[in-house]
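Trainee: Could you walk me through this one with me asking "how do you know" at every step?

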Amino acid sequence: GYYTNCSCILENERLEVPVMPPMPVRLHRLLRALAPHVKTAGTDELNVEPGEVFVLLSQLNEDWGWGQSQLTGDGGLIPIILMEDVSHEDQNFGKPWFHSSITRDKAVDLLQRQGAVGDFLVRPAQNVGQYSLAVKTYDRVQRFLIQKHATGYYVFGGRMFNSLDAVVERYKKEIILDGLKLEIPIPNEFVNFNVQHHLEATSQSDGHRNRTNSIAINRDMPGDKAGCLQLRKGKKSPVYGKWKEFYFHFKYKEQKLLYYDNERSHRPRGLLDLKD
């Protein structure tokens with residue numbers, strides 16, 4: 001302030017307009033789990049729930065990476081082969097308090113029906129780069145606007161924060177309105193998701209290895225199925241260019257097919273959603 005209003009920093013030169021730092025670039029991908037995974041004892045693996053979102057911090061190979069859960073904040077090894085890329089979503093996608101597609105009226109209704117005093121949620125506002133923090137008070141739902149600056153900082157209450165997490169954590173400790181602090185977030189249900197795999201299978205009985213047929217499951221025959229199949233996936237697959245035999249387990253009610261390296265494996269190599 002002194003060198004903008006009172007004195008020159010150099011001869012006949014004063015400080016004018018500050019130059020803000022450039023907007024941060026998202027360096028990490030967002031991945032959403034398509035199937036559950038139970039960690040192996042004595043490893044750095046994470047337990048994974050279907051629909052859970054992770055930030056991929058480092059990819060180790062085509063099957064595994066080091067990630068951090070948006071839901072719990074825990075970091076560890078994650079089976080990226082069982083996940084889909086959702087990097088097009090908001091960087092807060094998957095946070096327990098973030099509702100990516102809820103409207104203002106539905107947010108108010110949700111808090112009034114399910115929330116206690118101090119419970120809250122965050123959603124994108126109508127204008128790009130703005131977020132709405134909705135908090136249930138004693139007699140209403142109060143909304144607060146959070147502005148995302150061009151530099152990537154979040155502006156709320158005249159303060160700047162590095163992330164929406166920082167906003168939430170601060171007002172869990174400090175009063176935000178009428179003696180209230182943020183209490184428990186209204187969790188967002190995992191988004192319904194479908195994964196589409198382009199799968200080819202071959203019949204070797206006639207000796208024509210290049211001849212392909214689509215795998216089909218008879219949906220008129222109820223009950224889970226298991227067996228063996230030969231497959232290869234897209235060009236990024238480690239088995240592209242050659243066929244490999246897998247053991248599969250088809251879950252009839254869920255219309256999902258999980259495939260494993262062999263019948264004794266407990267960790268699936270992939271999942272196919274056959275609803276569509």
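Mentor: Gladly; let's start with Ser132, which lies in strand S7. Helices (H or I, at least four residues) and strands (E, at least two) are DSSP runs, numbered from the N terminus. Residues are numbered from 1 along each chain as its sequence is written, and side-chain values use heavy atoms, with hydrogens and water left out. This is a predicted model, where local features need pLDDT of at least 70, side-chain atom pairs count only at pLDDT 80 or more, and totals for chains, interfaces and linings use all residues.

Trainee: Is Ser132 buried or exposed, and how do you know?

Mentor: Buried means under 20% relative accessible area, exposed over 50%, and partly exposed in between (1.4 Å probe, protein chains only). Ser132 has a relative accessible area of 7%, so it is buried.

Trainee: Which residues does Ser132 touch?

Mentor: Not counting residues up to four places away in sequence, Ser132 touches Leu121, Val122, Arg123, Ala125, Arg143 and Phe144. Contact here means heavy atoms within 4.5 Å.

Trainee: What makes a set of residues the largest nonpolar core, and which have the most contacts inside it?

Mentor: A nonpolar core is a set of buried Ala, Val, Leu, Ile, Met, Phe, Trp, Tyr and Cys residues joined through side-chain atoms within 4.5 Å. The largest has 18 residues, and Leu133, Ile146 and Phe156 have the most contacts inside it. At least two of its residues come from each of S6, S7, S8, S9 and H3, and H3 provides the largest share, 4 residues. Ile146 is in contact with Leu133, Phe156, Leu164 and Val167, among others, leaving aside its neighbours within four places in sequence.

Trainee: Where is Val167, and why is it called buried?

Mentor: Val167 is in helix H3. Its relative accessibility is 1%, so it counts as buried. Beyond four places in sequence, Val167 touches Ile146, Phe156 and Phe161. The C-alpha atoms of Val167 and Leu133 are separated by 9.8 Å, and these residues are 34 apart along the chain.

Trainee: Which residues of H3 are buried, and how do you know where they sit around the helix?

Mentor: Leu164, Val167, Val168 and Tyr171 are the buried residues of H3. Seen down the axis, they fall within an arc of 95 degrees, so they line one face of the helix. The arc is that of the directions from the helix axis to the C-beta atoms. These residues pack against S6, S7, S8, strand S9 (154-156) and strand S10 (159-161).

Trainee: And what about the buried residues of H2?

Mentor: In helix H2 (residues 104-114) they are Ala107, Val108, Leu110 and Leu111. Their arc of only 160 degrees around the axis puts them on the same side of H2. The face turned away from that buried side carries the exposed residues Asp105, Lys106 and Arg113. The buried residues of H2 pack against strand S6 (120-124), strand S7 (130-136) and strand S8 (141-148).

Trainee: What makes Arg32 and Glu84 a salt bridge?

Mentor: A salt bridge needs a side-chain nitrogen of Lys or Arg within 4 Å of a carboxyl oxygen of Asp or Glu. The closest N and O atoms of Arg32 and Glu84 are 2.8 Å apart, and the pair forms a salt bridge. Arg32 lies in strand S1 and Glu84 in strand S5 (residues 83-85), so the pair ties together parts that are 52 residues apart in sequence. With relative accessible areas of 9% for Arg32 and 17% for Glu84, each is buried.

Trainee: How many salt bridges does the structure hold?

Mentor: It holds 8. In one of them, Lys95 and Asp165 meet at 3.0 Å, N to O. Lys95 lies in the loop between S5 and H2 and Asp165 in helix H3, so this pair links parts 70 residues apart in sequence. Lys95 is buried at 14%, whereas Asp165, at 28%, counts as partly exposed.

Trainee: Glu52 is buried yet has no salt bridge; how do you know that?

Mentor: Lys and Arg count as positive and Asp and Glu as negative; His and the chain ends are not counted. The nearest side chain of opposite charge to Glu52 is Lys95, 11 Å away. The side chain of Glu52 does make a polar contact with the side chain of Ser69, at 2.7 Å. That term means a pair of N or O atoms within 3.5 Å; within protein, one must be able to donate a hydrogen and the other to accept it, and residues adjacent in sequence count only if both atoms are side-chain atoms.
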